[in-house]
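Please read them with the structure open beside you.

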Amino acid sequence: MFRFILIALFCCVWPWNLATAQSFGDLPADQRANAVRAVADLQQPVSPTNWKAGTIGKGAEAGIVSPKNIKPFGAELFSGGFRGTRADGLNPDYKILPGDQITLRVWGAVEIDRILPVDAQGNIFIPTIGPVMVMGVSHQQLEHIVRAAVTAVYPGSVQVYTNLQGVQPVAVYVAGFVAKPGRYAGIPSDSVLYFLDQAGGVDEQLGSYRQIKLMRRQKQIAVMDLYDFILKGQLLHGQLQDGDTIMVERRGPVVTVSGNVGRAYQYELTNTALYGKTLMELAQLNATASHALLRGSRHSRPVAEYLSLDKLAATQVSNGDDIQFVADQRADMLVIQLEGSYQGRSHFVVPKNTTLKELLNNVPVDPQSSDYANVSLRRISVAERQRQSLEDSLRRLETTYLGAPSSTADESAIRVREAELISQFVARVREIKPNGRMVLSENGELQDLRLQDGDIITLPPRTDAILVSGEVYIPQSSIFIRGKTALDYIESAGGFSQHADDDNILVLRPNGEVRKADDIELQPGDEILVLPAVTTKNLQLATALTQILYQVAIAAKVAVDL
């Protein structure tokens, strides 16, 4: 049985405007509500497991995605991107329609320079030649058709030039399950997406992204699937005509996908059977995803299954299914990093259950340059737990002193100053990151423990210096002289600053251990840290702040200025 001293830093973000608050009753209603919620949160610890995001431990609560916040796949299409740029309709594949304007220039055997409209019958009338049918002809073929008509009358030397001067605008109806059904203007070569975007896009709750019909004179001429456009860049439909209707049908069956995926969306199913394999291709699973939790209903009864990815691939999904992908594989190997003074490589891949001493026995060191007796270890999980612990401490501190009522004007002024002090203190603590250091030695003997993935082992360099920092006038390093005390080194660093707390002097050992200066004899490599004094007449507040100052100093080897 051995003892570890766990060291880390924690930070907290406090959302209130403390500098203007005088008492809880003086706060605006919304800030009072925030205070009540903050107290409730302290009484309800957050679970480190997030089933929705498929994560356990650090970052679990950050990855939570509520099913209500999961949008349909394709919802981002209609954010105005198709309304910004209009096509001019003069592309080579544009089909000539009645009302279009065509420039015609002919020279040689005959001279013609006219802008000719396409009449209702689809013809242009060329003087001395007669009507020429151009409706339905592509812009690319127009000059060839006109040239043939001209040379049929004037077979001699004649040159022909044509150009589509302008196109006839069209009005298209957008109906069905869209945000703003109506009649919208465009040109025949505009995409259906242009008109859907004008109508506010497909209704996210009721509309289908896979059943969009193009109707002309009460007949269906095309059915479009926006998934084809998103995934393949394909959206095939003919040229639009005046009076066409774009009809968005009601949304079909839906499967909700969340967790360890790149695309957490509601996916609409087609009439054909959809299996997990296709769904996984749509959702783009993260590399760490290994299993899926499927919940839904079959034959009017609720079902829940925990499936490997292989089994899910062969499973047919149904309307209303909720599939959460999780990373549920345990690595058989650990990656451990070394830092400090050592020889050889900096990273090791070792089997699970490898111990610290087993690894260190394979690390070459130079006894003259490496202080191998003061090994310490930094661990991610330790840093996260201690960060959360201090965050709770800071929240309790703020709720306690911001929630106290003020009975007099003088007391209210004191509350304001306390609020300012707390606000500044928390802001400084927030900038410091935890190091998660664990002390591994006791009474000069290195203790053993099982390593975890991501551990960083510190082998400090051997040194003969003593570092003095914190609330002194001249922070510096000095040569270690046996017999000198912490006060002697502080004196050589210019003495205590005006903000120093001369009763709170810490000694930080190379192995991460933190001791009171008056309890120990200094050793080479020690750091003397002078904490700041808490300048408040409220003894309870001073005690709370001092306690947090100790935690910060131990975790990050810094003294947070008040």
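1. Which residue forms a salt bridge with Asp-244? The partner is Arg-216, with the closest N and O atoms 2.7 Å apart. A salt bridge here is a side-chain nitrogen of Lys or Arg within 4 Å of a carboxyl oxygen of Asp or Glu. Arg-216 belongs to strand S11 (residues 207-216) and Asp-244 to the loop between H4 and S13, so the pair ties together parts that are 28 residues apart in sequence. Helices (H or I, at least four residues) and strands (E, at least two) are DSSP runs, numbered from the N terminus.

2. On the basis for these notes: this is a predicted model, in which local features need pLDDT of at least 70 and side-chain atom pairs count only at pLDDT 80 or more, while totals for chains, interfaces and linings use all residues. Residues are numbered from 1 along each chain as its sequence is written, and side-chain values use heavy atoms, with hydrogens and water left out.

3. The protein has eleven helices and 30 strands. Of its 562 residues, 44% are buried. Buried means under 20% relative accessible area, exposed over 50%, and partly exposed in between (1.4 Å probe, protein chains only). Among contacts (heavy atoms within 4.5 Å) between residues at least 6 apart in sequence, 65% join residues at least 24 apart.

4. Back to Asp-244, which sits in the loop between helix H4 (226-232) and strand S13 (245-250).

5. The structure holds 13 salt bridges. In another of them, the side chains of Arg-509 and Asp-526 meet at 2.8 Å, N to O. This pair links distant parts of the chain, 17 residues apart: Arg-509 is in the loop between strand S28 (500-508) and strand S29 (514-516), and Asp-526 is in the loop between S29 and strand S30 (527-532). Arg-509 counts as buried at 9% relative accessibility, and Asp-526 counts as buried at 1%. Elsewhere, salt bridges that share partners join Glu-339, Arg-378 and Arg-437 into one network.

6. What is the setting of the salt bridge between Asp-113 and Arg-105? The closest N and O atoms of this pair are 3.6 Å apart. Asp-113 counts as exposed, at 56% relative accessibility, whereas Arg-105 counts as partly exposed, at 36%.

7. The largest nonpolar core has 47 residues. Such a core is a set of buried Ala, Val, Leu, Ile, Met, Phe, Trp, Tyr and Cys residues joined through side-chain atoms within 4.5 Å. Those with the most contacts inside this core are Leu-196, Leu-226, Ile-246, Tyr-267, Ile-323 and Phe-325. Helix H3 (residues 192-198) gives the most to this core, with five residues. A second, separate core of 24 residues includes Val-110, Leu-116, Ile-129 and Ile-187. In soluble globular proteins, nonpolar side chains tend to be buried together.

8. Tyr-267 can be checked by its contacts. Leaving aside neighbours within four places in sequence, Tyr-267 touches, among others, Phe-73, Tyr-227, Pro-253, Leu-279 and Ala-283.

9. Two residues deserve a look at the backbone. Thr-128 has a phi near 70°, a positive value in a residue other than glycine. Thr-128 is found in the loop between strand S6 (123-126) and strand S7 (130-133), and is exposed, with a relative accessible area of 56%. Gln-284 also has a positive phi, near 55°. Gln-284 lies in the loop between helix H5 (276-283) and strand S16 (291-298) and counts as partly exposed at 44% relative accessibility. Most residues other than glycine have a negative phi.
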